[in-house]
Amino acid sequence: MPLQVPVYLRRLRKEDITEVVEIEREAFSPTWVSSPFKRDLNNRRASYLVACLEPGDSGPGLAVESAAVETADDSRSWLSRLAGRFGLGGGPPPEPAPVEDFAIAGYVSVWYQGDEAHIVEIAVRETLRGNGIGELLLIGSLRAAVAYGSHVMTLEARVSNFIAQRLYEKYSFKAVGIRKGYYSDNREDAVIMTTTPIDAEEYGRMFRELQDAWESRWGPISIFE
Ligand SMILES: CC(C)(COP(=O)(O)OP(=O)(O)OC[C@H]1O[C@@H](n2cnc3c(N)ncnc32)[C@H](O)[C@@H]1OP(=O)(O)O)[C@@H](O)C(=O)NCCC(=O)NCCS
């Protein structure tokens with residue numbers, strides 16, 4: 001049975017940066033140049049989203065967003081409160097499986113250049129991969145890009161990174177070129193992947209279906225400020 005990790009997205013905050021850098025270091029090579037998280041906190045041409053989870057009601061500094069707990073009753077689990085917000089009452093919700101005691105499960109960074117939204121980094125904590133979190137981050141970044149007015153989304157991935165490529169292909173990214181020796185640690189090539197227009201009706205329809213499928217599998221998509 002998959003690990004059920006209740007998770008929601010919100011914008012990166014200053015206090016998240018230490019954890020996000022930890023995830024970045026774990027996911028990418030030791031020689032990777034870290035993203036300018038702090039510099040970009042107020043950058044209008046960038047979107048940084050984090051996937052947050054809560055190990056239990058009393059996790060350190062883990063109050064669920066106030067928007068999600070309008071009728072907060074501390075005797076109920078946060079999952080129950082989230083379910084309430086989305087009108088998913090009826091029967092006690094399943095208790096989340098215990099997870100390690102941390103708050104940020106993953107992050108995605110997007111830079112906007114002209115009519116393109118460029119995914120700079122996307123990563124999920126190694127122990128939490130395979131739980132739909134990377135896909136949720138991609139959904140959040142695509143929604144942000146559409147809201148920003150971007151026309152297409154692009155990214156580079158290591159040619160050997162089949163897992164990431166599978167994720168992008170699921171959202172109709174297609175390989176459109178190769179950057180030779182793009183990665184400085186091992187001179188590996190990057191494959192450039194791009195969507196068809198994300199502001200077109202056809203993409204919108206497919207995107208809605210994929211989000212519905214994500215929700216049927218993992219629960220409601222929750223994105224907060
Ligand atoms: C790429 C990454 C973000 C995916 O996150 P994740 O939370 O594990 O992925 P999800 O559970 O949301 O899976 C979403 C999709 O990704 C693909 N995928 C995930 N794990 C996979 C695996 N082990 N094998 C093949 N495809 C896989 C599948 O298409 C999957 O959809 P499906 O479940 O319908 O098959 C994560 O593996 C990661 O952080 N990797 C290290 C950093 C990295 O490589 N980032 C990308 C840089 S380009």
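Which residue in β7 is the bridge partner of Ala 175? It's Met 193, and the views below, all taken from a predicted model, work their way from the whole chain to that spot and on to the ligand.

**View 1**
Starting at the N terminus, they come in the order β-α-β-α-β-β-α-β-α-β-β-α. The chain has 225 residues, and 30% of them count as buried. Look at contacts between residues at least 6 apart in sequence, and 68% of those join residues at least 24 apart.

**View 2. Seven strands line up in an open sheet.**
Read across the sheet and the strand order is β1-β2-β3-β4-β5-β7-β6, with mixed pairing. The edges belong to β1 (7–11) and β6 (174–179), each of which pairs on one side only. On average, neighbouring strands here are turned by 25° against each other, ignoring direction.

**View 3. Zoom in on β6 and β7.**
Strand β7 covers residues 190–194, and five bridges tie it to β6. The two strands run antiparallel. Here's the pair from the opening question: Ala 175 with its bridge partner Met 193 in β7.

**View 4. Two helices pack on the sheet.**
Helix α1 (residues 17–27) packs on the sheet and touches β2 (46–53), β3 (104–113) and β4. Its direction makes about 85° with that of β3. Helix α4 packs on the sheet too, touching β5 (152–158) and β7. The direction of α4 makes about 165° with that of β5.

**View 5. Helix α3 is mostly covered.**
Of the 16 residues in α3, twelve are buried; among them are Ile 133, Leu 136, Ser 141 and Ala 145. How far apart are the end C-alpha atoms of α3? They sit 22 Å apart, and that agrees with expectation because 16 residues at 1.5 Å a residue should span 22 Å.

**View 6. A shell of residues surrounds the ligand.**
There are 18 residues around the ligand, and the closest are Arg 129, Gly 134, Glu 135, Arg 166 and Leu 167. Gly 134 and Glu 135 are also on the list of buried residues in α3. Three elements, β4 (116–124), α3 (133–148) and α4 (162–170), each give at least two residues to the shell. The largest share, five residues, comes from α4. Sorted by class, the shell holds nine nonpolar, five polar and four charged residues.

Definitions and conventions. Residues are numbered from 1 along each chain as its sequence is written. This is a predicted model: local features need pLDDT of at least 70, side-chain atom pairs count only at pLDDT 80 or more; totals for chains, interfaces and linings use all residues. A residue is near a molecule or strand if its C-beta atom, placed from the backbone, lies within 6 Å of it. Helices (H or I, at least four residues) and strands (E, at least two) are DSSP runs, numbered from the N terminus. Ala, Val, Leu, Ile, Met, Phe, Trp, Tyr, Cys and Pro count as nonpolar, Asp, Glu, Lys and Arg as charged, and the others, Gly among them, as polar. A residue is buried if 20 or more other C-beta atoms lie within 10 Å of its own, exposed if 12 or fewer, and partly exposed in between; C-beta atoms are placed from the backbone. Two residues are in contact if their C-beta atoms, placed from the backbone, lie within 7 Å. The expected span of a helix is 1.5 Å times one less than its number of residues. Two strands pair if DSSP finds at least two bridges between them. Axes are lines fitted to C-alpha atoms, for helices over the stretch in contact, and angles run from 0 to 180 degrees between N-to-C directions.
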